[in-house]
Amino acid sequence: SGPLPSRKAERELPRARAIVADAVHPVTGDILPTFCRRSTTVPVNALIAAAMLSTSSVSGTAALHVYYQSYASLVRYANHSDERHPLNPTRLWMGYGLATSCAVAIGVGAARALRDAPRRLRPLRMAV
C-alpha cells in the first residue's frame, strides 16, 4: 500500500470524478469529443441562440435551425447509454428529419409572419 492521499487531494476528488464523468461515455468508456459533452451544450446553444436572434434573413433562420437540430442530435447520439434500448438508425433519422422540418417550418413561418406584421408587433421579430 502506498502513501495516503493528502487532504487537498481528497477535496479535489469529487471535482475530478465529475470531469471524468462528463468526458467519458458511461457505458463504452470511450472519451467523448469535446463538442459532444454535456458540459459543452450550454455554451454552444447560447452561441446558436445569439446567431438566431441576430439574423434577419429567412435562409439564415432556416440554416441555424438545421444546425441546432444537427448539433442536438449529435450530442444525443454520442451520449446515449441505454443498453436495453439501442438506437435504431431508421428511427433516429426519422426523428431528426421530423424535428428539423418542424423547427425550420416554425422558425421560417414565424419570421415571415412577423416580417409583414404591423409596426407595433415588429419588436417580436427578435424572438423568432
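Reply: What follows is a set of questions and answers about these labels. This is a predicted model, in which local features need pLDDT of at least 70 and side-chain atom pairs count only at pLDDT 80 or more, while totals for chains, interfaces and linings use all residues. Residues are numbered from 1 along each chain as its sequence is written, and side-chain values use heavy atoms, with hydrogens and water left out.

Me: Why is Cys-36 called buried?
Reply: Buried means under 20% relative accessible area, exposed over 50%, and partly exposed in between (1.4 Å probe, protein chains only); Cys-36 has 3%, and is therefore buried.

Me: How many disulfides does the structure hold?
Reply: There are 0, a disulfide being a pair of cysteine sulfur atoms within 2.5 Å.

Me: How do you know that the length of helix H2 agrees with its number of residues?
Reply: Helices are DSSP runs (H or I, at least four residues), numbered from the N terminus. The expected span is 1.5 Å times one less than the number of residues, so the 17 residues of H2 (38-54) should span 24 Å, and the end C-alpha atoms, 25 Å apart, agree with this.

Me: Why are the buried residues of H2 said to lie on the same side?
Reply: Thr-40, Thr-41, Val-44, Ile-48 and Met-52 are buried. They cover an arc (of the directions from the helix axis to the C-beta atoms) of only 105°, which puts them on the same side of H2.

How values were computed
Helix = DSSP H or I, 4+ residues; strand = E, 2+ residues; numbered from the N terminus.
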